[in-house]
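Please read the following alongside the sequence and the coordinates. The account begins with charged side chains and then moves to the helices.

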Amino acid sequence: MNQQQRKKVWELGKDGDVKALRELVAREGALTLLKSAEMDSYGWSAFHFAAAMGNLSVLEYLWEESGVGPELAQLVDDSGRTPVIAAANSGQLLVVEWLLADKRRCPPETVLAATNDRAGNPQSTALHYASMGGREVIVRLLATCYPSLIPMV
C-alpha cells in the first residue's frame, strides 16, 4: 500500500465508512491492511481512530470480518495508547462497553497499560484519561471491570 492508500484507511476509520473500508480491504486484502496501513506517524491505526471517534460499525467490521481482530486489540501508539485508551479519552462509552464485553477485544493488559511520557515513564491508564475528561460513566465501568485500576488508600 502506498501512503495515499494508508491515509484512506485511517480516514475511513475516522469517518465510519464501513462500505468504503470493505471495498478497500477486498481490493488490498486484510493482511495488507493490518501490516501496511496499521499506523500513522503517531502510531495510530484505523482501529484507534474508529475507537476515538465512536465508529462502532468500523470496529465491528475490522474485528469480525477482516480476519485480523486479535492483533488490533493489542496495538499501541507511540505514547502507549491502546484503542480502549483512545475511546475512554474521547468519551466513547458504547465503544468502551463493546471493547470490554470480550476479553479478546480488550485484554487486561490493554486496559491496565499506562501511556508513557517523553522519557518513557508510565503515566496514564484508560481510567486516568476517562477521569481527567470527566467521563464518570466510563470511569465506573472501567473500575467495575478492573478493580485493580483503583489505587488502595
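A salt bridge is taken here as a side-chain nitrogen of Lys or Arg within 4 Å of a carboxyl oxygen of Asp or Glu. The model is a predicted one, in which local features need pLDDT of at least 70, side-chain atom pairs count only at pLDDT 80 or more, and totals for chains, interfaces and linings use all residues. Residues are numbered from 1 along each chain as its sequence is written, and side-chain values use heavy atoms, with hydrogens and water left out.

Two salt bridges are found in the structure. One joins arginine 81 to aspartate 77, with the closest N and O atoms 3.1 Å apart. To describe their surroundings, buried means under 20% relative accessible area, exposed over 50%, and partly exposed in between (1.4 Å probe, protein chains only). Aspartate 77 is buried at 5%, while arginine 81 is partly exposed at 24%. The other bridge links the side chains of arginine 104 and aspartate 102, at 2.8 Å from N to O. Here arginine 104 is exposed, with 53% relative accessibility, and aspartate 102 is buried at 17%.

The fold comes next. Helices (H or I, at least four residues) and strands (E, at least two) are DSSP runs, numbered from the N terminus. The protein has eleven helices and zero strands. Of its 153 residues, 44% are buried. Counting a contact as heavy atoms within 4.5 Å, residues 24 or more positions apart account for 66% of the contacts with a separation of 6 or more.

Helix H7 (83–90) is mostly covered, with six of its eight residues buried. These are Pro83, Val84, Ile85, Ala86, Ala87 and Ala88. They pack against H4, H6 (69–73), H8, H9, H10 (126–132) and H11. Just after H7, glycine 91 takes a positive phi of about 75°. In helix H8 (residues 93–100), Val95, Val96, Trp98, Leu99 and Leu100 are buried. Their cover includes H4 (46–53), H5 (56–65), H7, H9 (108–112) and H11 (136–145).

Histidine 48 lies in helix H4 and is buried, with a relative accessible area of 0%. Its side chain reaches the backbone oxygen of arginine 81 at 2.9 Å. This is a polar contact, a pair of N or O atoms within 3.5 Å; within protein, one must be able to donate a hydrogen and the other to accept it, and residues adjacent in sequence count only if both atoms are side-chain atoms. Leaving aside residues up to four places away in sequence, histidine 48 touches Gly43, Leu75, Val76, Asp77, Arg81, Thr82, Pro83 and Ala86.

The aromatic rings remain. Rings of Phe, Tyr and Trp (its six-membered ring) pair if their centres lie within 6.5 Å; planes under 30 degrees apart count as stacked, over 60 as edge-to-face and the rest as tilted. By this rule there is one aromatic pair. The rings of tryptophan 44 and phenylalanine 49 have centres 5.2 Å apart and planes at 55°, so the pair is tilted. Both residues, tryptophan 44 and phenylalanine 49, are buried. A charge sits over a ring if NZ of Lys or CZ of Arg is within 6 Å of the ring centre and within 35 degrees of the ring normal. Lysine 14 places its charged end over the ring of phenylalanine 49, 4.6 Å from the centre. Likewise, the charged end of arginine 105 sits over the ring of tryptophan 98, at 4.1 Å from its centre.
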